[in-house]
Amino acid sequence: MNARVIASGVHQSAIHDSAARHVQGSALYIDDMKEPEGLLHGWVILSDRAHARILMLDLSSVEAAEGVVCVMTARDIPGLNDAGPIMKGEVLLADQIVEHEGQAIAIIAARSFAQARDAAKLVRVTYEDLPAYLTIEAALQAERFVVAPLHMQRGDAARAIAEAPHCLSGETSAGGQDHFYLETQIAVATPQENGEMHIFSSTQHPTEVQHIAARLLARPYAAITVEVRRMGGAFGGKESHASLIAGMAALLAARCGEPVKLRLSRDVDMLLTGKRHDTLARFSVGFDDAGRILGLDMMIALRAGHVADLSGPVLTRALCHVDNVYWLPNVKVSGYACKTNTVSNTAFRGFGGPQGMFAIEAVIVRIAERLGLSSEAVRQINHYGPGQDTTPYGQSIGENNTPRLLEELKTAADIARRRGEIAQFNASHPYIKKALVTYAVKFGISFNLPSLNQAGALLHVYTDGSVHLNHGGTEMGQGLYVKVAQIVASCFQIEREHVHISSTRTDKIPNTSATAASSGSDINGMAAKAAADIIKSRMAAIAAAKFGGAADDVVFSGGYVYLGNRSISFPDLAQLCWAERVSLSATGYYRTPDIHFDQASMTGSPFYYFSYGACATEAAIDILTGENRILRVDIIHDTGASLNPAVDIGQIEGGFVQGQGWMTMEELVWDQAGRLRTHAPSTYKIPTSRDVPPIFNTHLLADAPNAKPTIFRSKAIGEPPFTLAISCFLAIQEAVAAAAGWPAALTLCAPATPEAILRALGGGKEGSAFCEQKAAKKLF
């Protein structure tokens, strides 16, 4: 047998399947599709009050406006006015009470986008204002929560703190973050015969769109078909909230009997849809002379917004990531999802994990400050180790790649030399201060809810040897489609160009889970492999019969199928299978094994495995302006046996920069009336190419296949790199300490904007007096 090798299977750096079309501008997104005849355009009328009773809603001028075909309120919904992904009663359209500025109160369909937008301005609403709770602190004091508080405990934290040689208390906070996907929320709903509906939706969760549209329309799930080829970004923002937009489009289409496109403007998108949960953490910690944590009692509170949405699971994952890479022998963590009169926050890359990991770093740096140690020394002494490898919720961490990652990072990033140079720089530069931190992360992979960890795939092999691939995962730019195509290509040992990737559709793969929790490749790849293996076994039996041998001895390699020294091309074998009346179509199914979690006790093994990463981040601040720059980042990330190294490196870099935005510049601001003041690029700053670290070195951990039998021993990569960007905040905080001392640095909260840095430099005040004193010393 002269085996051939394919060039585009797994472990190869294949380009993204849509890369060329992205560059050419020919990749079709929903708004690029040819508009069907009679298409109407939707618009959403929003509340301008944070909490109020609607006394009068006058839509007569809206209905009479040019081009308007129909206007709908909550009372016009034929089914249930319920768009909750988990908890029932989360209304799509407010009826008598509005609970946040930007809540939808009516929807419009008109002949053009401009006509719908202009008509919405004619609405007349009379409100009676009600008390509004806008902050985490206010909701905590009033005990307003969207889900019951959560409590995770191991050992006796109170006793350990009381008996520890040292103890302290503190708090920290981190702001929210808008998803700011390039493609805003959009859907096109088209009525079909017999009351059925087809919906193109920019969604991570086609099945949830299907279910909510059916609920609103009072139709069975089978009557709703949801399709998505690609999204222009999502990051969690199109997991549950895409269903709101698709549901509105479906209602209007059913009412008007015509196709309806609902595309949100950037302002409406930012007002109507949820963000990353802001976080407040308070803690008491006991520790020894070396900085080793002996007991920790922590409270984590999230701003959930006006309804639960996904806040319960987000809070659960936050608590499950408080430990990060640290052994906490005695720990109690309480979590609160606070009900506020702001937009309901939702899934965002990391899904609560970054908030929990950020909170524990506040503990680390305060211990270091109290003992006069480096934060790096305190981190290291608290790392998981032999005999100390069980999480607070009772799961063994299994393989622990943290020590290896940090050791390799020391050499790769030249840590010792650079720290010496930074010390010299800071001693001679009064206005610019630098700092370098090393940081490691551990991120659990799987949905917290075990039932969501399942996937399906549908595969057809045609008689020319080409393959049609469909699965339940969605493509939002992360490279899922190309990875799963590589998996199928490797199974059949054909080049990836012969595997045709098709849109995700609910009428092909039913009952899918969201493409989220970094599990897309894990579960959909396994399902596709299962389908390929079924077909492959059928083809092997035909080859064995042809050549006179055993099916177990048949080998697929390089586009051919071998049995001993005899061979047949893959297309010819497909033709032969058809001639022998053997099915070349199969469905595949996968469920993640070995996971379980008891929500009541907050114990179990919710994650199939952990993904690890480490980075060295160098930052600089200008003490006169508060401006900051991330100068250099070195990352080594654990991707197991990477399915596609090029795609994975792109995910690492993109995830880090998005996390950098959360930690350093993206600031959501509500005024005292509960109005979001940062709902456009003019007021909300996201990272641009100029913010990317000028030196950005990314490496994959070599020779580290996943110890668990995942798809080709790979590891997930979507969310873990995001959390590495917490190092940006930590580096800036250490730079503030270099300028003004640790007491000032500990007042810094995220995001570390120039204003926040100046406040910290001034000891929590505006910082101007501090800067004036520094300038006077220099000038005189």
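**Entry 1: Lys715 and its partner**

I began with Lys715, which is buried, with a relative accessible area of 3%. The model I am reading is a predicted one. I then looked up what the side chain of Lys715 meets, and found Glu399, in a salt bridge of 2.9 Å from N to O. I checked where the two residues sit in the chain. Glu399 is in the loop between helix H11 (375–381) and helix H12 (402–412). Lys715 is in the loop between strand E29 (695–700) and helix H18 (720–724). The pair links distant parts of the chain, 316 residues apart. Is Glu399 buried or partly exposed? I found Glu399 partly exposed, at 26% relative accessible area.

**Entry 2: a pair inside helix H12**

Next I looked at Lys410 and Glu407. They form a salt bridge, and their closest N and O atoms are 3.9 Å apart. I noted that both residues lie in helix H12. They are three residues apart, which is about one turn of the helix. Lys410 is partly exposed at 41%, and Glu407 is partly exposed at 49%.

**Entry 3: the whole structure, then Arg75**

How many salt bridges does a search of the whole structure find? I got 38. Among them is the one between Arg75 and Asp95, with the closest N and O atoms 3.2 Å apart. Arg75 and Asp95 both lie in the loop between strand E3 (68–72) and strand E4 (97–98), so the pair ties together parts that are 20 residues apart in sequence. Arg75 is exposed, because its relative accessible area of 64% is over the 50% cut-off. Asp95 counts as partly exposed, at 36%.

**Entry 4: the second largest pocket**

Last, I turned to a pocket. The second largest pocket holds about 740 Å³ of space. I listed its lining and found 29 residues. Which of them lie nearest the centre of the pocket? I noted Ser173, Gly175, Asp278, Glu667 and Leu668.

How values were computed: Residues numbered from 1 in each chain as written. Predicted model: local features only at pLDDT ≥ 70, side-chain atom pairs only at ≥ 80, totals over all residues. Heavy atoms only, no water. Salt bridge = Lys/Arg side-chain N within 4 Å of Asp/Glu carboxyl O. Helix = DSSP H or I, 4+ residues; strand = E, 2+ residues; numbered from the N terminus. Buried < 20%, exposed > 50% of the residue type's maximum accessible area, 1.4 Å probe, protein only. 1 Å grid on protein atoms, 1.4 Å probe; cavity = no way out; pocket = protein on both sides within 12 Å on 5 of 7 lines; lining within 4 Å. Points joined across faces, edges and corners; volume = space filled by probe spheres on them.
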